[in-house]
Amino acid sequence: SPLEYPFGYISFGNSLLFQVKSEVAVSSSNLPSGLDRHFTNTTMEVFDAFSASTYRTLGVFLQPTDASTTARYVESVVSSSMSSTTINMVTSILNAVNCSG
């Protein structure tokens, strides 16, 4: 039987999924900046046919997106269902501040 993988990230101490458990072993997502503006922890769990699992976190450095990329992402999210994870992600993206001048 195949392995299954949920993928997520940690935001303000909460583990949030951006891909529910499925046989797809690769995933990508726009991630919110969190408390440390350029770093967040991603999560992955692997389940086997007997529901045994292992859980890992991996810290990743984030690259800011430009305004047009952010706008396209928000448009795609608004047209889909608005889960609490989605609302949290959109809020974090929109609250990003560029102080570089």
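**Reading the sheet**

Reply: Strands here (E, at least two residues) and helices (H or I, at least four) are DSSP runs, numbered from the N terminus. This is a predicted model, in which local features need pLDDT of at least 70 and side-chain atom pairs count only at pLDDT 80 or more, while totals for chains, interfaces and linings use all residues. Residues are numbered from 1 along each chain as its sequence is written, and side-chain values use heavy atoms, with hydrogens and water left out.

Me: Which elements does the protein chain contain, and in what order do they run?

Reply: The chain has 4 strands and 2 helices. Starting at the N terminus, the run is β-β-β-β-α-α.

Me: How do I tell which strands pair, and what is the strand order in the sheet?

Reply: Two strands pair if DSSP finds at least two bridges between them. Here the 4 strands form an open sheet in the order β2-β1-β3-β4, with antiparallel pairing. β2 (14-22) and β4 (53-61) are at the edges with a single partner strand each, so one side of each has no neighbour in the sheet. From one strand to the next, the twist averages 20° (axes are lines fitted to C-alpha atoms, for helices over the stretch in contact, and angles run from 0 to 180 degrees between N-to-C directions).

Me: How many bridges join β3 to β4?

Reply: There are 9, and the two strands run antiparallel. Thr42 stands opposite Leu58 in β4. β3 and β4 make a hairpin with 5 residues between them, and Ser51 in the turn has a positive phi of about 70°. On another side of the story, 4 bridges join β1 (residues 5-11) to β3 (residues 39-47), also antiparallel. Gly8 has Thr43 as its bridge partner in β3.

Me: Where do side chains point in a strand?

Reply: In a regular strand they alternate between the two faces of the sheet.

Me: Is Val46 buried or exposed?

Reply: Buried means under 20% relative accessible area, exposed over 50%, and partly exposed in between (1.4 Å probe, protein chains only). Val46, in strand β3, counts as buried because its relative accessibility is 18%. Across the chain, buried residues make up 27% of the 101 residues.

Me: What is Val46 in contact with?

Reply: Contact means heavy atoms within 4.5 Å. Leaving aside neighbours within four places in sequence, Val46 touches Leu3, Glu4, Tyr5, Ala52, Ser53 and Thr54.
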